Amino acid sequence: MIYLDYQATTPLAPEAREAMMAWLTIEGSANPHSSHVPGRAAKAAVELARDQVAALLPGAGHVYFTSGATEALNWALQGSEARRIVTVATEHAAVLDTARWMGRRGHDVTCLPVDKRGLVNPTEMPNDADLVAVMLVNNEIGTIQAVADLGAQAKNALVLCDAVQGYGRIPIPSGCDMIAVSAHKIHGPKGIGALWVRNGVKLEPLMHGGGQEAGLRSGTLSPALCVGFGAAATVAKARMAQDRVHIERLWALATARLGAEWHFNGSTVARWHGNLNVRRDELDAARLISGLRDVAFSAGSACASGSGRPSHVLKAIGLTDAEARSSIRLGFGRYTTETELGEALERIIAAADAQYGVAA
């Protein structure tokens, strides 16, 4: 199997797996919120992981562990109690659906449009918002949004950055007040994420109970998941430049192989090059994906893959329903080899040609 769905999730790094193993044994099974010796040891491991995750984030703030980025984004939006919220049409459903839910409860919600590249014009940003929610790297088309510029335009608003796809890959811009990240997008374990909150920013809890995370987030933490996240963050920090060089080689290989009949979705410049979202006129993307059983790739966000609706991101950049359904997303990264990517591209192109009756 050739895995090309890095935006959905990434393979677990060996370093993260090894770090977790000690906390999956009887000896490492203590509750990190207990006061006995094993509990204190587990807490120390959690706190080290917290520092490791924070090392990739800008400024002075606190990392709160969550069940994932979806919880982190929900918490940031609802816990801020902002009355006027501004977000972007291409945001993840965790932001858009939460913002709509808040809108039905009396909050003033504005959703800014994007151009065909997937970028927001900073001059369209209202200057009277209480909170601005902007994704750094789009999960479907890879567009890198000018988060710092948009935040500066919003003046006194809190800036919430969904950095899930950018964390560990590109520097996180300064000026953010809250940042949501996820372990499994940087070769860490699934089931854990974090919300970084700048010092001085006040949040109300999303969940009530034991208040294990500094009184603001309830629930028993898993030392194994926290340690795995921390190890993955440490490796990502050490390898950021090396990983990026590898990604650029893979991007060059892929773009050189695709012919003129394939069209890029989103910016090719302001973009994370580990995301290749392309379309071919009248291609049946669903049929292509289901037919290539030994290559894992997608037509868009895994979170919305069962909806049957065209991607809201591709619609937002101006694609028709037919163009959106003719689009595929190839995601590659640290463990993708050039040989694997080249072989996968040959199979994808051949299967696409077969839909048009083109001889191999």
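Me: Before I count anything in this predicted model, what counts as a salt bridge?
Reply: A salt bridge is a side-chain nitrogen of Lys or Arg lying within 4 Å of a carboxyl oxygen of Asp or Glu. Read in that way, the predicted model holds 17 salt bridges.

Me: Which elements does the salt bridge between Asp108 and Arg84 link, and how far apart in the chain are the two residues?
Reply: The side chains of Asp108 and Arg84 meet at 3.6 Å, taken from N to O, and this pair links distant parts of the chain, with Asp108 in strand β4 (residues 108–112) and Arg84 in strand β3 (residues 84–88), 24 residues apart. Asp108 counts as partly exposed, because its relative accessibility is 39%.

Me: Where do Arg249 and Glu338 lie?
Reply: Arg249 and Glu338 form a salt bridge at 3.3 Å, N to O, and the pair links helix α6 (residues 223–257), which holds Arg249, with helix α10 (residues 338–355), which holds Glu338, across 89 residues of the chain. Arg249 is partly exposed at a relative accessible area of 43%, and Glu338 is likewise partly exposed, at 38%.

Me: How many residues apart are Glu343 and Arg347, which both lie in helix α10?
Reply: Glu343 and Arg347 are four residues apart in helix α10, about one turn of the helix, and the closest N and O atoms of their salt bridge are 2.2 Å apart. Glu343 counts as partly exposed at 35% relative accessibility, as does Arg347 at 27%. Elsewhere, salt bridges link Glu47, Arg50 and Glu213 into a network.

Me: How many aromatic pairs are found in the whole structure, and how should I read their geometry?
Reply: The search finds five aromatic pairs. For Phe65 and Phe229 the ring centres are 6.3 Å apart and the planes stand at 55°, so the pair is tilted; because Phe65 lies in strand β2 (residues 61–66) and Phe229 in helix α6, the pair ties together parts that are 164 residues apart in sequence.

Me: Are Trp251 and Phe264 buried or partly exposed?
Reply: Trp251 is buried, with a relative accessible area of 9%, whereas Phe264 counts as partly exposed at 32% relative accessibility. Their ring centres are 5.8 Å apart and their planes stand at 35°, so this pair too is tilted.

Me: Which residues of helix α4 are buried, and what covers them?
Reply: In helix α4 (residues 93–103), Ala94, Val95, Leu96, Thr98, Ala99 and Met102 are buried, and what covers the buried residues of α4 includes α3 (69–80), β3, β4, β5 (131–135) and α8 (312–316).

Key
Residues are numbered from 1 along each chain as its sequence is written. This is a predicted model: local features need pLDDT of at least 70, side-chain atom pairs count only at pLDDT 80 or more; totals for chains, interfaces and linings use all residues. Side-chain values use heavy atoms; hydrogens and water are left out. Buried means under 20% relative accessible area, exposed over 50%, partly exposed in between (1.4 Å probe, protein chains only). Contact means heavy atoms within 4.5 Å. Rings of Phe, Tyr and Trp (its six-membered ring) pair if their centres lie within 6.5 Å; planes under 30 degrees apart count as stacked, over 60 as edge-to-face and the rest as tilted.
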